[in-house]
Amino acid sequence: MTLPRGFVVELDRHARVVDGGRALLGGHPTRLLRLTPRARRLLDGRSLRVRDAASALLADRLLDTGLAHPVADSLPAPADPRCTVVVPVRDRPRQLARLLRSIGTDHPVIVVDDASRHPAAVAAVTAAHGARLVALTANVGPAGARNAGLRLVTTPYVVFADSDVVLDPDTVPTLLRHFADPRVAMAVPRITGLPGPAASWIERYENSRSSLDLGARPAPVRPGTPVSWASSACVVARVDALGEGFDAGMRVGEDVDLCWRLVAEGRRVRYEPAVRAAHEHRARLGDWLRRKAFYGTGAQPLAERHPESVAPVVLAPWSVAFAAALLCGRRWSAPAAAGVLGVVTVRIARKLGGTRYPYRLAVRLTGNGALATLAQTGALLTRHWWPLTAVGCALSHRVRRATAVAALADVALEYRHDQATLDPLRYGLARRLDDLAYGAGVWFSALRARSVAALLPRVTR
């Protein structure tokens, strides 16, 4: 399966062209890709258009390594763009009507009523918008409801849209362009909050820091990368790639499981933030906390199905040594941590041998790795392992100090990054409640399953 002529990719914003164009540095995990003279000529600045077999091969390689991403608006539309929209719903007729209005009449729509308590209201909305209704007699959950709709789809593509989202007119057409890549099985948009004034401070926080919002940069969806999963709130997928669809035995995390299964099969899943689906975030504190904890309970089922992909943090051996030295909080901690970074810098520079400035590049890469290590260590203390952190804080002033630094640094960095419309105090409170609720869900699922698989860090080279 090769990329078609006219397919355009652009280098990732973090990818660096080094040695006058003789090599590329970046991707996930970070690597140095040396280019042959012929390959260098194929690149036009930071973009590449597929014109022949050689350019198709290079573009495919750049996509595989995460060094480049497709330029969606430059991709050819699929020859057969027909798709069917499947909407799982349980009650919520107001939200369903809003979604169906945004979908319009260009595509057939299947509404799967997952045993609503008031089915007549759902049936009336469905009929008013000319959609097909499938009424289930027993509640099977979102995964089972989507599968029930999927079995009735006869078009090449399917759109899964939750009832609490609203689709922009260009969302589905743009995502369909990604299927010009024959390896793409699924494409997802950015999930943002509904436009308009927020009803509460929690909703304002969600609008800037929703768990469903995966950021403003395009990315491949792969475990162990910055975008390691994608929400099923809005998905466009190739029907023949889905098989039986979602795991109906999962009430949470079924979207993550499907992404990871497709990737394991050699398929690609693309995240395209150029288009959006607006999501109705929870505005009440209690509802919001319960939802965050519910998300956390998905960690253990995922750990059972994908033990190699689920870990609260993924660290290299040197990262463990670096973080451990700092957490000890002794006089020797800073020199020891600096020594670890020095050794790592030298090792990376040797791997970059042959480039023009190996040590300059190595210092940059080591610094980025150190920052990532600090961020992951902070997440362990304040999110994934907070019950252990609470015990440690009661027993040790060093743990209290490390936790305070991690919590404050997290708020300071993320507040600026998110450009939040909420004041720093309430933003910081929401951040901590977010972490506490999610972590509680992870621990609850681990205790219920009598397994710590979802809590164990992964150390890898």
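Predicted model: local features only at pLDDT ≥ 70, side-chain atom pairs only at ≥ 80, totals over all residues.
Figure 1. In α4 itself, which runs over residues 119-128, the buried residues are Val122, Val125 and Thr126. These residues lie on the same side of α4, because the arc they cover around the axis is only 100°. An α-helix has 3.6 residues a turn, so residues three or four places apart point the same way.

**Figure 2. The outward face and the end of helix α4.** Ala120, Ala127 and Ala128 are exposed and sit on the face of α4 turned away from its buried side. Gly130 follows α4 and has a positive phi, near 70°.

Figure 3. Helix α2 comprises 13 residues, 53-65. From the first C-alpha to the last, α2 reaches 19 Å, which is close to the 18 Å expected at 1.5 Å a residue. The N-terminal end of α2 is capped by Asp52, with a side-chain oxygen 3.3 Å from the backbone nitrogen of Ala54. Just after α2 comes Gly66, with a positive phi of about 75°.

**Figure 4. Buried residues of helix α2.** The buried residues of α2 include the alanines Ala56 and Ala59 and the leucines Leu58, Leu62 and Leu63. Ser55, Asp60 and Thr65 of α2 are buried as well.

Figure 5. Ser232 is located in the loop that links β13 (219-220) to β14 (234-238). With a relative accessible area of 3%, Ser232 falls under the 20% limit and therefore counts as buried. Leaving aside residues up to four places away in sequence, Ser232 touches Arg146, Phe160, Asp162, Phe246, Glu254 and Asp255.

**Figure 6. The whole chain, as context for the close-up views.** The protein chain contains 17 helices and 17 strands. Its radius of gyration is 23 Å, close to the 23 Å that the globule rule gives for 461 residues, so the chain is as compact as a globular protein of that length. The C-alpha trace spans about 70 × 60 × 40 Å along its principal axes. Of the 461 residues, 50% count as buried. Among contacts with a separation of 6 or more, 73% join residues 24 or more positions apart. The chain exposes about 22000 Å², of which carbon and sulfur atoms supply 57%.

Definitions and conventions. Residues numbered from 1 in each chain as written. Heavy atoms only, no water. Helix = DSSP H or I, 4+ residues; strand = E, 2+ residues; numbered from the N terminus. Buried < 20%, exposed > 50% of the residue type's maximum accessible area, 1.4 Å probe, protein only. Contact = heavy atoms within 4.5 Å. Expected span 1.5 Å × (residues − 1). Polar contact = N/O pair within 3.5 Å; in protein donor to acceptor, adjacent residues only side chain to side chain. Rg over C-alpha atoms; globule rule 2.2 N^0.38 Å. Areas by Shrake-Rupley, 256 points an atom, 1.4 Å probe, with all protein chains shown as cover. Arc of directions from axis to C-beta.
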